[in-house]
Amino acid sequence: MGFAEDHLIPLVDEGLGNSAYLLDLGDGRALVVDAGRDLRSLRAAVRRRGLDVAYAADTHLHADFLSGAVQLAHDSGATVLASAAGRRSFAHTPLADGDEVDLGGLRLRALATPGHTDEHLSYLLLDGDRELGVFTGGSLIVNSAARTDLLGADRAEELARAQYRSLQRLAALPDRIAVWPTHGAGSYCSAPPGTERTTTIGGQKRTNTLLATPDENTFAQRLLDGLGSYPAYFDRLAEVNRRGPALLPAVVEPAPLTAAAVRELRAQGAQLVDVRPVEQFAAGHVPGAVSIPLREAFATWLGWLLPPDVPLVFLLGPGQEGAEVAWQAAKIGYDRLAGRLHGGMDAWRASGGPVRTLGLVTADRIGDRPVLDVRQDAEYAAGHIPHARHAELGALPRWPEPAPAGTVVMCGHGERAVTAASILARGGADDVAVLVGGPADWVRATGRPLEEGR
């Protein structure tokens, strides 16, 4: 059976900014490329189409999420396909440049495309001799290329030059060929903003400025100049993926805990993470809790701000599901979940536990209070409130400057700001408040322009 467009199903993780791909091979079997450890959407798609996962291919040793390939091999008997140069320590079919895998009609050809990582492979999908598309992982992505500094700043330029050669190799493919990247908008593995997650070789020749650079030197400089910070957990996950992530049970959910049990766990060093929305946390929370509102970006900030070896206790609000929290944590390797406070804040209050509140400030009420902007460097430089100090949220736990009393913390909408405020309050900051909204709200409220630059 040949290839049809609806045989390829992208599975997008909006929070991490990545896409996995499920390919229906037409005979009841499927290939999965770059599946993450949270396999819920994949399993739902497989059930809908009545498929068995026969192959699980990884383009590289991922730093931003744990691979689901080992789990698929265990649960479905899938054959894991991966680079021989990755030296993975679990059962897999090692592939080198030019190696092909017969998928039963379709073929997958490995193309060595180092740059994002040393052992990076792209996979060219063929139907007979006809080239259909290429799974590019963290090599060629929509209007960019993935970052090259994850193996250390000392190797970033060397890998950027390798990335140049890899993109040139991919650009030599016919213009009509589809490009199916893993990293997309929202990924800290580097991707520009935008909604498109797939493209074609010809489309990238027209719109990807990195492909238009005149030479390797210019490419490397432009790529390196565009790199921002990345989450702390990126430095750990590639090695976990090389060894193979631990298997997970079918149901992952933090166990319910009494308020007394939560107090005991905290006394033993556990961290309480409050996942409720901004307004609920502000109205009353457990002193010392870190606020990370449960949303698509939850895993990113959990992994950026908290160490992986500390037991985690969660406080949820009405309608929030413990399973969602657990899966978000699991996909970046946070498995030490001590439990969740059963009954939430109502149970905490009923037990006589102390409660702290946090001020919320609208843009028209900031006045002359000091402002701390915790957005990313590029966001701050693009436009910020005049005289606002700046510290990226990810760097805030190591920020050497104490926050002045009365500081208003801001971001784009309020979720990162409430996380920052909870961290500052844990450090002893007084009268910290959170801006409801972001820079655009301040412009509307004051009629004044934002300031650009650093």
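In what order do the six strands of the open sheet sit? They go β7-β8-β9-β10-β13-β14, and the pairing is mixed.

Before I go on, a bit of housekeeping. This is a predicted model, so to speak: local features need pLDDT of at least 70, side-chain atom pairs count only at pLDDT 80 or more, and totals for chains, interfaces and linings use all residues. Residues are numbered from 1 along each chain as its sequence is written, and side-chain values use heavy atoms, with hydrogens and water left out.Back to that sheet, with its order β7-β8-β9-β10-β13-β14. The edges are β7 (100-102) and β14 (199-200), each with a single partner strand, so one side of each has no neighbour in the sheet. When I say helix or strand, I mean DSSP runs numbered from the N terminus, H or I of at least four residues for helices and E of at least two for strands. Two strands pair if DSSP finds at least two bridges between them.

Look at β10 (residues 130-137) and β13 (residues 178-181): they run parallel and are joined by four bridges. Within that pair, G133 stands opposite A178 in β13. Helix α3 (residues 156-171) lies across β8 (106-112), β9 (121-127) and β10, at about 145° to β8. That angle is taken between N-to-C directions, from 0 to 180 degrees, with axes fitted to C-alpha atoms, for helices over the stretch in contact. Contact means heavy atoms within 4.5 Å.

Now, the rings. Rings of Phe, Tyr and Trp (its six-membered ring) pair if their centres lie within 6.5 Å; planes under 30 degrees apart are stacked, over 60 edge-to-face, and the rest tilted. That rule gives seven aromatic pairs. Take Y188 and W304: their ring centres are 5.2 Å apart and the planes are at 85°, so this one is edge-to-face. The two residues are 116 residues apart, with Y188 in the loop between β13 and β14 and W304 in helix α9 (residues 298-305).

Is each of them buried or exposed? Y188 is partly exposed at 22% relative accessible area, while W304 is buried at 7%. The cut-offs are under 20% for buried, over 50% for exposed and partly exposed in between, with a 1.4 Å probe and protein chains only. Elsewhere, ring pairs link Y21, F135 and W180 into a cluster.

On to β16 (residues 271-274), which is covered on both faces. Q271 and V273 are buried on one side, and L272 and D274 are buried on the other. Which strands does β16 pair with? Four bridges join β16 to β18 (residues 312-315), running parallel, and two bridges join β16 to β17 (residues 290-291), again in the parallel sense. D274 takes part in both: its bridge partner in β18 is L315, and in β17 it stands opposite S291.

Helix α10 (residues 322-330) has seven of its nine residues buried, so it is largely enclosed by the rest of the structure. Among the buried ones are W327 and Q328. The cover over the buried residues includes α1 (40-49), α9, β18 and β19 (337-341).

Last stop, A30, which lies in strand β3 (residues 29-33). A30 is buried, at 0% relative accessibility. D52 is 22 residues from A30 in sequence, yet their C-alpha atoms are 6.0 Å apart. Setting aside neighbours within four places in sequence, A30 is in contact with L22, L23, L25, L51, D52, V53, A54 and Y55.
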